[in-house]
Amino acid sequence: MAHHPSAPFPASRPRRLRRDAFSRALVREHALSANDLILPVFVHEGTDKVEAVPSMPGVSRLSLDRLLPVAEECVALGIPVMALFPVIDPSLKTPDGREATNPDGLVPRVVAALKDRVPQLGILTDVALDPYTSHGQDGVLDERGYIVNDRTVEILGQQALAQARAGVDIVAPSDMMDGRIGAIRAQLEAHDHIHTRIMAYSAKYASAFYGPFRDAVGSAGNLGKADKKTYQMDPGNSDEALREVGLDLAEGADMVMVKPGMPYLDIVRRVKDEFRVPTFAYQVSGEYAMLKAAAANGWLDHDAVMMESLLAFKRAGADGILSYFALEAARLLKKG
């Protein structure tokens, strides 16, 4: 990268441009808007059901009737996309997670209702089996407990197709199986869902920051002391992330994602610099919970750190951010 030397002090005084609010705004390199935000939500069966997630203050599992007003608020605030994560009844969970492919299952029904009520809101759905498996892993296990890649990919393709048929706008495979983007793209093309976009969780790390999310969707108890290190990425690797992104793009991904977010901003920057494609980051449940807890204890200014953290994603190169702060941030942005 070229270095452009400035005139020496006192001819150059960088503080001049920081002196007033107008000049700081004038030369600001990055800005956050509601258009940059995607709101993740947890949905479960029932009517008039709101269940708080203890490890995620301000976040609840919602039944469809309670979710619809949230979707309408997203539209009012200018948030372009809502991301759905299902809380599946334990009685429907099986070793192969087959409920994920049910065209009349929870996610397809919620997608159809949302597209009917708020058609202008983009709907993103998770393509993964962990909410549906009795063991909490993202795929089918062999007799040794290892995820069988190709069998899992086959089911993921059927899951994505069921979601596309329900009217979803973006399918987002988060499973980290090899070859799943190509298989899903082939399924979508073969059934004329050519407009369904794929946002690939291309660089998803085996992170300890996912704990509250697993509590929210009910997979933590099924997973127990097991981990996902045989398919999610090693936190020590960054070159590997570029290989994963390159593969997903070659297989037909329209957009790529890095997860978690703030501990992996270096990966966001490398991906954006290398590929120049729509790049997203997920400010995951653990990141959200940490900031909420520190603010609740009076250790941090809630709104200030919320907005600063989201701006950091933009500065690192993210085109958009999945964040549980999306509604709160969009309300602040609307106030100006």
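**Labels and the values behind them**

Author: Happy to. Let's start with Tyr-282, which touches Pro-40, Phe-85, Tyr-201, Phe-213, Met-257, Val-258, Lys-259, Pro-260, Gly-261, Glu-287, Leu-322 and Tyr-324, leaving aside residues up to four places away in sequence. Please keep in mind that this is a predicted model.

Reader: Which residues have the most contacts inside the largest nonpolar core?

Author: Tyr-282 is one of them, along with Phe-42, Leu-67, Met-82, Leu-84, Leu-114 and Met-199, in a core of 104 residues. Helix 11 (residues 302-316) gives the largest share of this core, seven residues.

Reader: Why is Leu-26 called exposed?

Author: The label exposed asks for over 50% relative accessible area. Leu-26 has 68% relative accessibility, so Leu-26 counts as exposed. Leu-26 sits in helix 1 (residues 21-26), and together with Leu-17 and Val-27 forms a nonpolar patch on the surface, with about 300 Å² of accessible area in total.

Reader: What makes Arg-19 and Asp-20 a salt bridge?

Author: The cut-off is a side-chain nitrogen within 4 Å of a carboxyl oxygen. For Arg-19 and Asp-20 the N to O distance is 3.7 Å, so the pair meets the definition. Arg-19 is exposed because its relative accessibility is 66%, while Asp-20 is partly exposed at 29%. The structure holds 21 salt bridges.

Reader: How do you know that Glu-73 and Arg-331 link distant parts of the chain?

Author: Their side chains meet in a salt bridge at 2.8 Å, N to O. Glu-73 is in helix 2 (residues 64-77) and Arg-331 in helix 12 (residues 326-335), 258 residues apart.

Reader: Are Arg-180 and Asp-248 buried or exposed?

Author: Buried means under 20%. Arg-180 has a relative accessible area of 1%, so Arg-180 is buried. Asp-248 has 4%, so Asp-248 is buried as well. These two form a salt bridge, with their closest N and O atoms 3.3 Å apart. Arg-180 lies in helix 5 (residues 180-190) and Asp-248 in helix 8 (residues 239-251), so the pair ties together parts that are 68 residues apart in sequence.

Reader: What joins Asp-130, Asp-138 and Lys-228 into one network?

Author: Salt bridges that share partners join Asp-130, Asp-138 and Lys-228.

Key. Residues numbered from 1 in each chain as written. Predicted model: local features only at pLDDT ≥ 70, side-chain atom pairs only at ≥ 80, totals over all residues. Heavy atoms only, no water. Core = buried A, V, L, I, M, F, W, Y, C linked by side-chain atoms within 4.5 Å. Buried < 20%, exposed > 50% of the residue type's maximum accessible area, 1.4 Å probe, protein only. Helix = DSSP H or I, 4+ residues; strand = E, 2+ residues; numbered from the N terminus. Contact = heavy atoms within 4.5 Å. Patch = residues over 30% accessible without salt bridge, like charges linked within 9 Å, V, L, I, M, F, W, Y side chains within 5 Å. Areas by Shrake-Rupley, 256 points an atom, 1.4 Å probe, with all protein chains shown as cover.
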